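Open the model in your viewer and keep the selection panel at hand. The tour has two stops.

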Amino acid sequence: MKKYLKDYEYKILYKRIIFTCWILLIYIFGTHIPAITTVSTNTSISEFYKMTAANVGGDYRALNVFSLGLGPWLTSMIFMTLIYYRDSDRMLKQTRREKSTKEKIFTLILALIQAYFVVFTLLSHAQIELNEKWLIILVLISGAMMLVWLSDLNTRYGIAGPMPIVMISIIRSIMRQKIAFSELGPVLLISSLLVLLIILLVLIFIEITEYRLPYLDIMDISSRREHTYLAWKLNPGGSIAIMISFAAFFVLNSAINLLVQFFNSKNNDALNFLDFSTPIGITIFLLLQLVLSYGISRLILDPKRKAKDFKKNGNFFPGVEPGKPTYQYLVHKARRISWLGAFIVTIIIGIPLYATLLIPQFSKEIYLSVQIIVLVYISLNIVETVKTYLYFDQYKSFLNRYW
């Protein structure tokens, strides 16, 4: 056994998997530490809030240390990225500590808003002193910041950053749900499974499909006939776009409901203003998903940097001049790919959500299918990350000679 471990101790993947497992153990342990022990939470909370929380690593079935999940961090991360989008040179000049500090401050503000909303929603029925509620809010914010720290560590030393935490959260949420499939009937059950299967196949297809842009390299003088091309995925944003959309939507929901309650505290319907039980709530979420998915894909493709790399390396596209024409060409292609991927993912998520309006009695089963879709998408991205490390391991002995 020692000889086996010694022969393979250079493998980066093994070390990262072990580190990620430790992170997940800490996360699971934290979810069993209640934020309040004397009062039970509101059991009548909407399935929308439970699903939204689980899709970002949180838990609203019972208040625990990590109930807020990664929602505040994911939301602050995308907004900070969008702020620097038009001034990428300024962002490159900042150190990692400077960017991390601004991101953490914004995360803290969003965590305060979300924690306030969660406490005054889940504990609205309980007779708790105001100072005790603020103490619970402090515990939730501390847990959220600790979860951010764990995710950041997993990004550097583990696998796929926050995705394993979200995956475990969704699995736990699915296992807790009690679905009576016998009430659906055989025809509806088989039809639902077929639709879910088709959606998953489409999801896998767009995940493994590439859009290839052939280009020429003036430095390549070989006579080989292989074509060189720039490969872009149809949905570069991947599962992170879905997680960020859920996080941003819930933060938006919390902020708007808090404002409504502040100006009209007697209006109990305010809590359902952006719920998934209303067409307005679903439509706003899907629009948010579409815009964020497009924006994240554009950020990942980064045509401006690609154009600079092409000009520096002597690469060019047939019929396109180097410099600004190449940049405009890449921007046009990036827009087309980003919008296509964003529309497909939005439709995939939107079909089951709008179905809850037609058959509200089966909304719990439909929310389950949405979670399964998100879970499969996250799993695909984690598998892709593992393949990347395996690919790197194959050439590590060669690269160590020069690094």
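A cavity here is a set of grid points where a 1.4 Å probe fits but cannot get out, and its volume is the space filled by probe spheres set on those points. The model is a predicted one. Searching the whole structure gives 4 cavities of 30 Å³ or more, and the largest cavity holds about 80 Å³ of space.

**First stop: the largest cavity**

Select Tyr27, Thr31, Lys50, Ala54, Gly58, Asp59, Tyr60, Arg61, Ser169, Arg172, Ser173 and Arg176; these residues form the lining of the largest cavity. Colour them by class: 5 are charged, 4 polar and 3 nonpolar.

Next, show the helices around the cavity. Which helices each supply at least two residues of the lining? They are H2 (12-31), H3 (47-54) and H8 (163-176). The most comes from H8, which gives 4 residues to the lining of the largest cavity.

**Second stop: Ile378**

Now move to helix H14, residues 363-394, and pick Ile378 within it. Is Ile378 buried or exposed? Its relative accessible area is 0%, so Ile378 counts as buried, the cut-off being under 20%.

Display the surroundings of Ile378. Leaving out residues up to four places away in sequence, Ile378 touches Met163, Val166, Met167, Ile170, Ser239 and Met243. To end, draw a C-alpha to C-alpha distance from Ile378 to Met243: the two are 9.2 Å apart in space and 135 residues apart in sequence.

Notes: Residues numbered from 1 in each chain as written. Predicted model: local features only at pLDDT ≥ 70, side-chain atom pairs only at ≥ 80, totals over all residues. Heavy atoms only, no water. 1 Å grid on protein atoms, 1.4 Å probe; cavity = no way out; pocket = protein on both sides within 12 Å on 5 of 7 lines; lining within 4 Å. Nonpolar A, V, L, I, M, F, W, Y, C, P; charged D, E, K, R; others polar. Buried < 20%, exposed > 50% of the residue type's maximum accessible area, 1.4 Å probe, protein only. Contact = heavy atoms within 4.5 Å.
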